[in-house]
Amino acid sequence: MASPEPGPEVSDATRVLQRVFGYDSFREGQQEIIEHVVAGGDALVLMPTGGGKSLCYQIPALVRPGVGVVVSPLIALMQDQVDALTALGTRAGFLNSTQGSEERRQVESAFLKGDLDLLYLAPERLKVDSTLRLLDRGKISLFAIDEAHCVSQWGHDFRPDYLALSMLHERWPDVPRIALTATATEATHAEIASRLNLTDARHFVASFDRPNIQYRIAPKNEPKRQLLQLLRTEHAGDAGIVYCLSRASVEKIADFLVDSGIQALPYHAGLDARTRASNQSRFLREDGIVMVATIAFGMGIDKPDVRFVAHLDLPKSVEGYYQETGRAGRDGQPSTAWLAYGLQDVVQQRRMIDTSEGDAAHRRRLSIHLDAMLALCETVECRRVQLLAYFGQKSAECGNCDTCLSPPESWDGTIVAQKLLSTVYRLHRERGQKFGAGQAIDILLGKTTDKVVQHDHASLTVFGIGTELRDTEWRGVVRQLLAQGLLTVEGDYGTLVLTDASAEVLGRERQVMLRREPERAARAARADKAAKPGRAAPADLPEEAVPVFERLRAWRGATAKEQGVPAYVVFHDATLREIATRSPSTLVELSTVSGVGENKLAKYGQQILDTLAD
Ligand code: ADP
């Protein structure tokens, strides 16, 4: 789309970008969005995590007269957001339930006097009459609705308080609104637009690709060992997030990592608020912490240098998976999204769906989400192509996911599928017995286990007809048949059950293609990837810059500690890296480094030059 001739507002926006934020140029999509909102238009913005959504409302709020009101569900992070804005020399505040009344009064008074550029609010505050009256008495430049997917019931993170946000338009029809989210399939997108009354707004849909993230999905064999290997061989000393499904497994894995000498902390809704806040704050403030968490953790965490996100259990939806993995590598540096998944995950999730509260339509929705996730896990195609297709976008094969780096072979698995399905059929139809995958595989392998003897399975015609595959390979077959809908599981023990489509395979009307897991993990091919054009270069520094970078990092750590803010609020790694490499000797030279705005230059410039001169 051609951008209009830059008018006075645009140069204002560019000036703010350069002076306040210290960035040279806008990223893809930012300028158009900012121009549109500065001019008073409504916008719905879909942009991946790390794409740079915050500037899309922060700059208009700084350029337009009045206070920009940002609605965000992330109470625990508001302080950090305000700190980061304050460090840039802007005037920001928040109102939420964590404040005392005196602090609240000060913020309210600053708002009324127009002494704020940005005011962060939790959505539930907008249900309170006194907040509405307060907003009525001040001048509002715009409403930004962050994490807008929270309004969608189809999406994965519905928050009822968000439904009330449709009233913003009714109550303040002249104030522009910008809704932003990093997660939106077409269904979620449409729902956000209609629920927030944004159907007439301009929609900006950026590419959802995150080229610096390497996607890998591995069969889960020994999850702890696999995780440790990933951390030790590829991410030693890196900050990262490990997602687990349950609180118990969070605790277990965090203990295990600590015992293995890794700085890990747990995070889940069962921990008391103080521990949660303290663990989150350490993760944000200290370098190299691994957070082991349920999905209660992470929304809005804008730590730029999270180097990996590992999932030890299957996410419930592709949207959730993409949102969670998107927390890696916001700084654009190479990062890993690694998921281990196994049969037990499918059993567990099906059971959770079967027993979930809500009506049949709700369960059907959950089931569709799970099927899409399984299809992603078992694909023989490029993961990125498949992920982006899920969000309605096209991409070429990426060269930076496990299936591109070591392509799995696809093979004709019709006969083995028939063997497995017949086993399920015979157990069920002929014997009236229902069993899970383990038993079916023992029968196929002809193992005389206690159960096999007890139920006389050795007399089945299928007994021992599957010795061409090993146990783990059979488990892979079961997983893939589940993913393809040729088999399903039921009940607490994951009983295998045939589907309508199974009959087509048994009746030889349908061919079944399966993926063979590559022997080696994609890891080996990882080294090649950095050399690929178009991919982010590794974060490596020239050798002589390394000690300088470390000195700058130490200075940053001490400064952040002194001010009680996360290190990245002082400067991002990328900025320190550029300083270390270019080694500027004057303030003017330093001011041209990306991420050094006017305020930070004035505040830290001399200290940086002194640190460099040391
Ligand atoms: P999102 O909210 O979309 O996940 P953020 O707004 O947190 O992304 O931006 C991600 C990172 O990119 C932040 O560190 C931000 O400072 C940086 N960034 C945003 N816009 C630009 C730009 N135009 N130039 C350089 N860095 C940018």
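What share of the contacts in the protein chain with a separation of 6 or more comes from residues 24 or more positions apart? I started my notebook with that one, and the answer is 73%. A reminder to myself: this is a predicted model.

**Entry one: the chain as a whole.** I looked up the secondary structure next and found 27 helices and 17 strands in the protein chain. The radius of gyration is 27 Å, close to the 25 Å that the globule rule gives for 614 residues, so the chain is as compact as a globular protein of that length. I also checked the C-alpha trace, which spans about 85 × 60 × 50 Å along its principal axes.

Of the 614 residues in the protein chain, 54% are buried. I noted an accessible surface of about 26200 Å² for the chain, with 49% of it belonging to carbon and sulfur atoms.

**Entry three: around the ligand.** Then I turned to the ligand and its shell of 15 residues, where the closest are Tyr23, Gly50, Lys53, Ser54 and His572. I sorted the shell by type and got 4 nonpolar, 8 polar and 3 charged residues. Helix H3, residues 53–63, gives the most to this shell, with 3 residues.

A polar backbone atom of Ser25 is 2.9 Å from a ligand nitrogen, and one of Gly51 is 3.4 Å from a ligand oxygen. Last, I looked up the cover: the ligand taken alone exposes 560 Å², and the protein buries 84% of that.

Definitions and conventions: Residues numbered from 1 in each chain as written. Predicted model: local features only at pLDDT ≥ 70, side-chain atom pairs only at ≥ 80, totals over all residues. Heavy atoms only, no water. Near = heavy atom within 4 Å. Polar contact = N/O pair within 3.5 Å; in protein donor to acceptor, adjacent residues only side chain to side chain. Areas by Shrake-Rupley, 256 points an atom, 1.4 Å probe, with all protein chains shown as cover. Helix = DSSP H or I, 4+ residues; strand = E, 2+ residues; numbered from the N terminus. Nonpolar A, V, L, I, M, F, W, Y, C, P; charged D, E, K, R; others polar. Rg over C-alpha atoms; globule rule 2.2 N^0.38 Å. Buried < 20%, exposed > 50% of the residue type's maximum accessible area, 1.4 Å probe, protein only. Contact = heavy atoms within 4.5 Å.
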